[in-house]
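I opened the notebook to record what I looked up in this structure.

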Amino acid sequence: MSQEDRTRPMRSPGEGRPLPPQGDDRLRSAGAPAHQAPPATPSKGRVYGRERSGGGGAVRPLKSHGGSGGGGTALPNPRRPGGGGRRPSGRTIVRIVAGVLVALLVAAVGMLFWIDSRLQGIDGVLDDYDGRVDDTPGTNWLLVGSDSRKGLSAAERKKLATGRAAGQRTDSMMLVHIPEGGDRPTVVSLPRDSAVTVPGKGRNKLNAAYSMGGPRLLVRTVEENTGLRIDNYMEIGFAGFVDIVDAVGGVEMNIRTDIHDPKAGLDLKKGTQELTGAQALGYVRTRKGGALPDFERTKRQRQFLSAVVKKAASPGVLVNPFTSIPLAMSATEAVTVDPGTGVFDMLSLGLAMGDSPVTTVVPFGGNEIAGGGSAVKWDRTKALALFNALKADKPVPKEILDGN
């Protein structure tokens, strides 16, 4: 042993082995291996214990959030809050559903107010006058279909067979009584050729009251001849009639007999079928069929009114924006109402009419001369029984309904 060897300090076991080279000569953390793992052979790389092609080093399993040490991307723990597999709680689902319902409710209310702002009013139609009948229980509507051609082009008038008549007259009139207790409403047809006393004009046809004094005189004539106070007035012309029917996608009607009427532009076969706006207009206007054409005409008008209102108020139409919005636009452009009637009144009418209303016509018997022509004479006793029942907000006597 040389002198140099003798002077060196003693080394502990293992110090004789050379340390692996450290490129950056950094300190190793406690517990780090003294030797680095040999580089993986490119062709022998493994993925979770299996060899993978294409080379590359061994892939270590990813550590979870709870793992110690560094390196790797942490996988979320589905059982811990914030994990990727977390499902929404019941409270969250309730909040989402409530939010959607509130949004739909706000949209519906907004749409109702929009419709209300578009309604066209008729000033003075329900103004008070001396001797006007007192208010009666329930709600009474006077629905008027006029023969106004306003809004129809020459081609449309020809297609719909509406003729060229100037001015404006009533084509149909119906009194609708909605009881206070929620019972079925009653729809009473008022034949336009009914012989009545027109205030200040003498004995004439009911239709003449509209021609001579417009809606206001018509309302007064109806009130004084029936004893019922009119609460709401609504009128629709030919063009609006067609638009509303087309907006709801047509109306299904049961045609009881073949009808061919060139004057009304109508050619229908017997049986249940869906009518377009043009066909429905001809159907309620035609005087063909039945021993009493005008009587049969009023029956068809009541039948149609119930069918179209029931469909318009159905969920399939109201909740579908592709039908409800066109219907709302057509209705607001088609109808005119008294200033006090709003969209909520019309909605109430629609809901009531969807409850299978009782339908009838003013009892009549024989004719009389009025206004220079033959007019329908009401059966005074039966007519009073009918109107008095409505005035008292009671059902119409069965014998009156059966008699018609």
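Predicted model: local features only at pLDDT ≥ 70, side-chain atom pairs only at ≥ 80, totals over all residues.

Residues are numbered from 1 along each chain as its sequence is written, and side-chain values use heavy atoms, with hydrogens and water left out.

**Entry 1: the chain as a whole.** I looked up the secondary structure and found 12 helices and 17 strands. Helices (H or I, at least four residues) and strands (E, at least two) are DSSP runs, numbered from the N terminus. Of the 404 residues in the chain, 39% are buried. Buried means under 20% relative accessible area, exposed means over 50%, and partly exposed is in between (1.4 Å probe, protein chains only).

**Entry 2: the cores.** Which residues have the most contacts inside the largest nonpolar core? They are Tyr 283 and Phe 304, in a core of 43 residues. Helix H7 (residues 293–312) gives this core its largest share, six residues. A second, separate core has 29 residues, including Leu 126 and Tyr 233. A nonpolar core is a set of buried Ala, Val, Leu, Ile, Met, Phe, Trp, Tyr and Cys residues joined through side-chain atoms within 4.5 Å.

I then listed the contacts of Phe 304, leaving aside its neighbours within four places in sequence: Phe 241, Val 245, Val 251, Met 253, Ala 280 and Val 284. Contact means heavy atoms within 4.5 Å.

**Entry 3: helix H6.** Why is helix H6 (residues 277–285) largely enclosed by the rest of the structure? It is so because seven of its nine residues are buried. Ala 280, Tyr 283 and Val 284 are among them.

**Entry 4: Thr 323.** I found Thr 323 in helix H9 (residues 321–334). Is Thr 323 buried or exposed? Thr 323 counts as buried because its relative accessible area is 18%. Not counting residues up to four places away in sequence, Thr 323 touches Ala 247, Gly 316 and Val 317.

**Entry 5: Val 97.** Val 97 counts as partly exposed because its relative accessibility is 45%.
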